[in-house]
Amino acid sequence: MTRHERQRPGSGIRASIASAAARLMAEDGITDFHLAKRKAARQLGLPEHTAFPDNAEVEAELRAYRSLYQGEDHAEMLLALRQTALDLLELLAPFNPYLTGSVLDGTAGEHSRIDILLFADSAKEVEIFLLNRGIDVEHAEPRSERVEAVLVMETDTADANLVIMPPHLERVALKFRDGRPRERIRADALRLLLAE
């Protein structure tokens with residue numbers, strides 16, 4: 001076996017955890033990566049101090065799982081979620097909206113929410129804009145101090161998280177907790193994605 005063919009220690013365990021976590025996310029609707037990895041490790045009977053795979057490894061397994069086991073149904077659901085996301089991007093155009101998260105990266109499932117980034121001077125401005133259009137929202141707890149507010153809005157397809165940030169952060173590259181850049185796209189790029 002050559003040096004390049006050898007796997008690094010624990011990579012089989014990491015792959016097993018990633019695969020089990022992906023299954024939990026797809027079947028049980030878990031959206032928190034760390035929780036899914038912890039549950040997967042527990043199901044596999046692994047000790048508490050086991051090294052977990054990173055989120056990118058779990059995402060890759062989740063894509064593979066959805067492709068293998070959910071095929072056409074997943075593709076149709078993803079198309080519907082992305083179409084709803086486009087409608088939201090168009091509605092929220094005054095606030096420089098971007099689609100991000102699982103609907104964009106293709107890992108969304110039936111329990112997923114549509115994640116929209118908005119850049120506004122204040123969350124009240126967005127809330128009033130929506131209320132003036134007869135759209136009710138609820139407040140959710142922001143997960144970052146950069147976020148001014150998170151408004152949750154119901155749609156026919158799925159709930160949407162409207163993540164409101166100050167305008168000066170629009171040009172800042174946002175990252176996941178594991179350091180990977182968080183992909184985001186505007187309405188025109190989403191239209192192209194839908195046309196593929």
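Me: Which residue lies over the face of Phe129, at 3.6 Å from the ring centre?
Reply: In this predicted model, the ring of Phe129 has a charged side chain placed over its face, with 3.6 Å to the ring centre. That distance is inside the cut-off of 6 Å that applies to a charge over a ring. The residue in this position is Arg133.

Me: How are the rings of Phe95 and Phe129 arranged, stacked or edge-to-face?
Reply: Phe95 sits in the loop between α3 and β1, while Phe129 belongs to helix α5, and 34 residues separate them in the chain. Both Phe95 and Phe129 are buried. Their ring centres are 5.1 Å apart and their planes stand at 85 degrees, and because an angle over 60 degrees is the criterion, the pair counts as edge-to-face.

Me: What is the angle between the planes of Tyr98 and Phe119?
Reply: Tyr98 is part of strand β1 and Phe119 is part of strand β2, so this pair ties together parts of the chain that are 21 residues apart in sequence. Tyr98 is buried at 12% relative accessibility, and Phe119 is buried as well, at 3%. The two rings form an edge-to-face pair, with 5.9 Å from centre to centre and an angle between the planes of 90 degrees.

Me: Which residue forms a salt bridge with Arg186?
Reply: Arg186 lies over the face of Tyr98, at 4.8 Å from the ring centre, and Arg186 counts as partly exposed, at 29% relative accessibility. In its salt bridge the closest N and O atoms are 3.2 Å apart, and the partner, found in the loop between β5 and β6, is 16 residues away in the chain. That partner, buried at 16% relative accessibility, is Glu170.

Me: How many residues apart in sequence are the parts that Arg191 and Glu90 tie together?
Reply: The side chains of Arg191 and Glu90 meet in a salt bridge, at 2.9 Å from N to O. Arg191 lies in helix α6 and Glu90 in helix α3, so the pair ties together parts whose separation in sequence is 101 residues.

Me: Is Glu127 buried or exposed?
Reply: Glu127 meets Lys124 in a salt bridge of 3.7 Å, N to O, and the two residues are three apart in helix α5, which separates them by about one helical turn. Lys124 counts as exposed, at 54% relative accessibility. Glu127 has a relative accessible area of 13%, and because the cut-off is under 20%, Glu127 is buried.

Notes
Residues numbered from 1 in each chain as written. Predicted model: local features only at pLDDT ≥ 70, side-chain atom pairs only at ≥ 80, totals over all residues. Heavy atoms only, no water. Salt bridge = Lys/Arg side-chain N within 4 Å of Asp/Glu carboxyl O. Helix = DSSP H or I, 4+ residues; strand = E, 2+ residues; numbered from the N terminus. Buried < 20%, exposed > 50% of the residue type's maximum accessible area, 1.4 Å probe, protein only. Phe/Tyr/Trp six-rings, centres within 6.5 Å; stacked < 30°, edge-to-face > 60°. Lys NZ or Arg CZ within 6 Å of the ring centre and 35° of its normal.
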